[in-house]
Structure formats: C-alpha cells, structure tokens
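Let's work through a couple of exercises on this one together. Have the chain open in your viewer and try each task before reading on.

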Amino acid sequence: MRKQDPNFIMRCLRDFLCGVLIGAGAILPGVSGGVLAVVFDLYRPFMEVLTHPKKALPKYWRFFPALALGWTIGFMGFAKGIAAALNVSAAVTTWAFIGLIVGTVPSLFREAGKEGRGRSAWVSLFFCAGIIFAGLFYVGRVLSVHLEPGFWSFSLSGALFGLGIVVPGLATSSVLMALDLYQPIMQGLSTLDLSVLLSLLPGMALTVLLLARLVNWVFQKHYSIAFHGILGVVIASTLVIIPTEYTGAGEVVLSGVCAVIGFMLAFFLSRLNRRTQGS
C-alpha cells in the first residue's frame, strides 16, 4: 500500500491538471474539451463510464473526483478572463479566438482522415459546413435573430457545451458567439450567477447522458464521415463569427496581430502534442 500511495497521488494530480485543461477547452472558442480528453487518454474511460457504467465505474471511480474538480475549476476560472477581454474589445478577442480555431484545423484534418477519406467523408464535410454556415448566417445576419439571455437560451447553451464534451473536435463556443449568447454566459460565470449556472448544468448533463451511446456508436461505425462532418461545422461556425465592425484602424491591426498569435499558439500546441505521441 505504501508503494501504491505515491502513484495514486501522482495520478490524482495528473487527472486534476488534465481536468483543468479540459474544462478550459470546453469554454474557450477554438478549443475542444473532447479533443483534449482524447489527447490525455481520458475520452475512452469517460465514454465507457457513460455507456457501460456497471463495468467501468469499478475501474475508474477513484480518479473521477480529481478530474471533476479540475474540470470545474478550469470551466469556471477561465470565464472571468474571457468576460474581461470581451468587454475591452469584442472584435480583438474574437479574432484571437479565430486564430486559435484556424490553428487547430490542420490537426483536426489529420485526425479526420486517419481512417481514410472516401467520397462520403468529403460530402459530409461540405454538407455540414454548408448547412451550418447558411443557417447561422441567415439567423444572425439576415434575420438578425439574437437569442435573449434567459433560462431556455442558457439551457440550449448548456446542451451545446455538453455536445462539445462528447463529440471530439466540436468547439461549440463559436456557435454560441454567432447566437450572441457567449458573452452573457461568460459574464454570468465570472460573477458566479446562480441563475446562469442552474440553467447551463441541466442541459449539459442531459446532453452528455443522452448522446453518449449514440456518439460512441457513430464513431465506431462511421468514424471518417462523422469527423469530417465535425470539421465542416468548425469551419462554418468560424466564418460566421468574423467581426465586421471596428472602432478604428488600430483595432483592425491589433485584431490581425492577435489572430496570428492565436494561430501560432494553437499550431505550436498541435505540433507539441504530435511529438509527445511520437507521430
């Protein structure tokens, strides 16, 4: 037991830190909590617990408290900084996020094609990209429909966050930005507004529980088609959130600089992950 205790403590610390990063990935536009869970080799155990809890819980239960605590801290902790950045300049902050998203696209493209790229995969990519872009653009730019912050819109947001957890590569924060819900959520989380928290959590939990089996089955049977569809969603939702209004030339220049920094950061992390995995 004494020999096992240090290993157990180190594993808990590792799971806690991984939870912090996965929680941050769930809330940062351009970053997918599901992808980070795959990177840290936690996605499969997580899906096993959701799809076959009787078999998986006895194997993994002791590591989930540290992981859940870390996820909560990462999810809540990054909200305050994001809310402050959006208040200073929404355009600059959005371009930084766009840079992050674009920087992850090459790694997502490689991941999507690791089991081949048939015609159906390309159809899935362009079909999903076209449908999502047309829908979000029409709702946000043509109809100018922006969901008002409230219980039902926040519940929808929670469901989208949950979707980003169970579907690797799907960064749902950019979709929330297109619906003008992202900034109110960040402000609510940064101030620990219970009305926002209690609206987000049920939708998030229900989505994870209800879709876990379906997502697991789809990825097992149609991995290439599913992942190319996700890539199409990422590309389309990014194009929709491109800012069109600026306060001046200085903000335009700063937006470009932040976009480049975001791209370089995401690209560097992707390269670092590939080296760590020996690819």
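**Exercise 1.** Sort the lining of the largest cavity by residue class.

*Solution.* Start with the tally: six nonpolar, no polar and two charged residues. Here Ala, Val, Leu, Ile, Met, Phe, Trp, Tyr, Cys and Pro count as nonpolar, Asp, Glu, Lys and Arg as charged, and the others, Gly among them, as polar. Now put names to it: the lining is Arg11, Asp15, Leu42, Pro45, Tyr60, Phe63, Phe64 and Leu67. A cavity is a set of points on a 1 Å grid over the protein atoms alone where a 1.4 Å probe fits but cannot get out, and lining residues have an atom within 4 Å of a point. Next, the helices: H1 (4–27) and H5 (64–88) each give at least two of the lining residues. Last, the space inside comes to about 70 Å³.

A word on the model: it is predicted, with local features needing pLDDT of at least 70 and side-chain atom pairs pLDDT 80 or more, while totals for chains, interfaces and linings use all residues. Numbering runs from 1 along each chain as its sequence is written, and side-chain values use heavy atoms, leaving out hydrogens and water.

**Exercise 2.** Work out how helix H6 (residues 90–112) and helix H12 (residues 223–240) are oriented to each other.

*Solution.* First, take the angle: about 165°, with the axes 10 Å apart. So H6 is roughly antiparallel to H12, a label for angles over 145 degrees. Then look at who touches whom (heavy atoms within 4.5 Å): Ile98 and Phe109 are among the H6 residues, and Phe227 and Leu231 among those of H12. Finally, the contact's residues split into 10 nonpolar, three polar and one charged.

Terms used
1 Å grid on protein atoms, 1.4 Å probe; cavity = no way out; pocket = protein on both sides within 12 Å on 5 of 7 lines; lining within 4 Å. Points joined across faces, edges and corners; volume = space filled by probe spheres on them. Helix = DSSP H or I, 4+ residues; strand = E, 2+ residues; numbered from the N terminus. Axes fitted to C-alpha atoms, helices over the stretch in contact; angles between N-to-C directions. Parallel < 35°, antiparallel > 145°, perpendicular 65-115°, else oblique.
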